[in-house]
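Subject: Structure handover

Hello,

Here is the structure I said I would pass on. My notes on what was found in it follow below.

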Amino acid sequence: MLCAAHPTGRMIAAARLAALVQLTAIAPPVSALAESPLQAPASHGLALYGDPALPKDFDHLPYANPEAPKGGRLRLGQRGGLASLNPFNARFGDAPQLIIGNVLQSLMVRSQDEPYSLYPLIAESVEIDEAREHVTFHIDPRARFSDTTPILASDVLFSFELLKSKGRPNHRAIFALVKSAVALDEHTVRFDLTGVKDREAPLILAAMPVLSKRTTKVERFDDLDMTIPLGSGPYVISEAKAGARLVLRRDPDYWARDIPSQRGFYNFDEIDIDYYRDGAALFEALKAGLIDYREETSAARWSTGYDFPAVRNGAIVKETLRPGRPTGMEGFVFNLRKGIFSDVRLREAIAMMYDFDWINANFYSGLYVRTESYFGESDYSSVGRPASAAERALLSKFPGAVRDDVLEGRWRPVQQDGSGRDRTVAKRAQALLADAGYVLVDGRLEKNGVPVIFEIMIRDRDEERLALNFAAALKRIGIEANPRLYDEVQYQRRRLRFEYDMMTGQWLPAAVPGQEQLNRWSTESLDRKNSFNLAGAASPALDAALDALLGSRTKAESISAARALDRILLSGFYFTPLQHVNAIWCAHSAAIRHPARTPLFPMFPYGFTLENWWSEKDRPQ
């Protein structure tokens with residue numbers, strides 16, 4: 001049997017996909033249309049719950065400046081390398097995500113000022129029934145790819161089938177549940193979601209990028225491919241050098257430049273992205289005037305490292321931006337695929353030894369607060385809140401999945417005395433380990449003759465400093481943790497293959513927890529390469545909470561399910577929580593500006609390509 005990796009196998013797979021797309025692109029007979037379910041009148045937007053905040057006749061998104069001047073050049077730096085121009089490939093992590101939105105665009109665009117709402121882009125309107133089982137998108141007749149060819153229903157169906165079979169895990173997971181996808185005419189596509197029971201599914205379809213059926217090479221979609229894609233966005237790729245550089249040039253004929261959802265965005269004539277080996281190199285590039293924008297993640301550097309000439313003379317501006325987004329989770333993640341971490345009591349004891357108070361004072365100038373929840377600083381966090389009746393009803397089916405102190409909202413990460421050598425906490429950790437059957441032999445912790453030794457995978461000097469401190473604390477209770485520094489390429493490849501004992505894991509915050517949680521905690525994601533289930537978490541309780549979250553029909557049901565999920569995760573000690581600050585520290589050239597209003601829920605850390613910023617350098621005074 002030929003596999004898809006074999007050249008002939010790839011051609012057969014491509015032929016099957018093409019045939020399927022051709023079949024689904026044929027409009028159904030009139031009788032079939034007559035039997036279609038009743039849908040609400042066409043709407044200008046979609047929201048997860050209720051209606052979108054903006055009216056049908058809105059002029060622009062609230063965080064955009066419709067009067068922003070066009071022009072100038074934006075120079076950015078990115079850590080890592082450039083190995084592919086396909087951001088949807090599930091096998092490789094070296095494709096720039098900034099291609100999405102700038103070059104390749106979606107049916108509808110998400111507002112970063114609302115928890116989860118989308119507005120028109122390629123699709124000018126949408127119809128959806130009350131049960132959310134059928135959704136129909138009406139393509140704007142003006143929609144064009146950058147080569148001026150029209151975007152048609154056949155392109156939408158092609159994109160759907162391609163991403164369902166070869167896209168990223170989140171696309172493949174939800175698209176596989178769609179019962180059917182058909183073109184009603186050249187500008188209308190209907191998706192049948194009967195039985196999906198996921199309120200988010202129509203929004204994920206609305207956010208689906210649309211690729212060109214005519215130019216996308218299906219047989220090469222799985223490869224490391226530097227072929228420049230044909231998109232419909234405001235930029236085209238004018239230069240791409242593997243491992244080094246990417247240049248985007250603004251398309252003056254961008255078809256959607258006057259659509260309300262795009263007004264005030266994509267203002268630079270050119271965006272140049274150079275690639276650097278690590279965060280330290282990026283910082284030096286900013287100091288040397290080689291890049292125009294940098295987000296700072298080191299509190300110590302933010303406090304003391306920006307006293308250099310360009311900041312003193314005003315050429316570079318330091319800013320703290322404060323969106324209203326919730327916090328995610330960042331911490332030292334245990335890889336439960338490794339048997340050494342199978343006992344939750346060991347994981348809890350290890351987590352107890354992280355001395356946040358000492359680290360915050362000595363490394364971060366006291367700028368951070370301790371991370372306590374997977375959905376921190378939001379209604380979805382369980383910390384400090386006793387479980388509701390709805391949560392208890394769900395969790396009662398899984399005795400032991402949630403600790404009593406977590407269920408009652410009393411649990412907090414262990415607080416040390418800030419001395420760096422809290423003996424009381426160390427004794428508590430040792431007592432917990434003794435109860436679990438671990439013993440100290442010549443100062444080394446063992447169980448059944450096997451010592452507790454593991455590696456912490458890190459990728460830069462900031463992580464190394466933190467990991468070395470943590471390792472020193474663990475040594476006090478007989479655990480040998482060995483930080484090991486990897487370059488960005490090695491780090492990402494090992495992460496994708498789950499080839500680590502412990503690493504610093506990060507979950508970016510979600511304004512509304514939903515489908516992305518499946519790729520983090522579900523049993524199905526456990527062994528799937530490139531999933532974000534970094535911890536190797538899998539249990540019936542987690543799956544049940546995820547099912548409840550995705551099946552929620554109201555915000556109240558969503559909150560209950562998310563808090564139940566939070567409690568299960570906290571009880572499992574999958575992470576040693578670190579710290580966070582609910583602000584964006586950035587330093588940028590004084591020649592680039594942004595609107596006064598920061599969006600509440602930036603998709604990436606304030607939009608890595610700064611889509612609503614502009615250049616003042618060449619503006620008439």
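This is a predicted model: local features need pLDDT of at least 70, side-chain atom pairs count only at pLDDT 80 or more; totals for chains, interfaces and linings use all residues.

**An antiparallel pair and its sheet**

**The chain as a whole**

The chain has 19 helices and 26 strands. Its radius of gyration is 25 Å, close to the 25 Å that the globule rule gives for 621 residues, so the chain is as compact as a globular protein of that length. Taken along the principal axes, the box filled by the C-alpha atoms is roughly 75 × 65 × 50 Å.

**A four-stranded sheet**

Another open sheet has four strands in the order E5-E6-E8-E7, and its pairing is antiparallel. Which strands stand at the edges? They are strand E5 (123-128) and strand E7 (180-185); each has a single partner strand, so one side of each is left without a neighbour in the sheet. Ignoring direction, neighbouring strands here are turned by 20° against each other on average. E5 is joined to strand E6 (residues 134-139) by five bridges, and the two run antiparallel. In this pair, Ala123 stands opposite Ile139 in E6. As background, strands of a sheet pair through backbone hydrogen bonds, either parallel or antiparallel.

Strand E17 (residues 444-447) pairs with strand E16 (residues 439-441) in the antiparallel sense over three bridges. Within that pairing, Leu440 is opposite Leu445 in E17. The two strands form a hairpin with two residues between them, and Asp442 in the turn has a positive phi of about 55°.

E17 also pairs with strand E18 (residues 450-451), again in the antiparallel sense, over two bridges. Here Glu446 stands opposite Pro451 in E18. E17 and E18 form a hairpin as well, with two residues between them; Asn448, in the turn, has a positive phi of about 55°.

**Helix contacts**

Helix H10 (residues 344-352) packs with helix H14 (residues 423-435) at an angle of about 170°, and their axes are 9 Å apart. That angle makes H10 roughly antiparallel to H14. On the H10 side the contact is made by Arg345, Leu346, Glu348, Ala349 and Met352. They meet Val425, Arg428, Ala429, Leu432, Leu433 and Asp435 in H14. By class, the contact of H10 with H14 has seven nonpolar, no polar and four charged residues.

Helix H11 (residues 356-363) and helix H15 (residues 461-475) have axes that come within 12 Å and cross at roughly 140°. The crossing of H11 with H15 is right-handed. Trp358, Ile359 and Phe363 in H11 meet Arg465, Leu466 and Asn469 in H15. The residues of this contact divide into four nonpolar, one polar and one charged.

Regards

Conventions: Residues are numbered from 1 along each chain as its sequence is written. Side-chain values use heavy atoms; hydrogens and water are left out. Axes are lines fitted to C-alpha atoms, for helices over the stretch in contact, and angles run from 0 to 180 degrees between N-to-C directions. Angles under 35 degrees count as roughly parallel, over 145 as roughly antiparallel, 65 to 115 as roughly perpendicular and the rest as oblique. Contact means heavy atoms within 4.5 Å. Ala, Val, Leu, Ile, Met, Phe, Trp, Tyr, Cys and Pro count as nonpolar, Asp, Glu, Lys and Arg as charged, and the others, Gly among them, as polar. Two strands pair if DSSP finds at least two bridges between them. A crossing is left-handed if the near helix is turned anticlockwise from the far one by less than a right angle, and right-handed if clockwise. The radius of gyration is taken over C-alpha atoms; the globule rule is 2.2 Å times the number of residues to the power 0.38.
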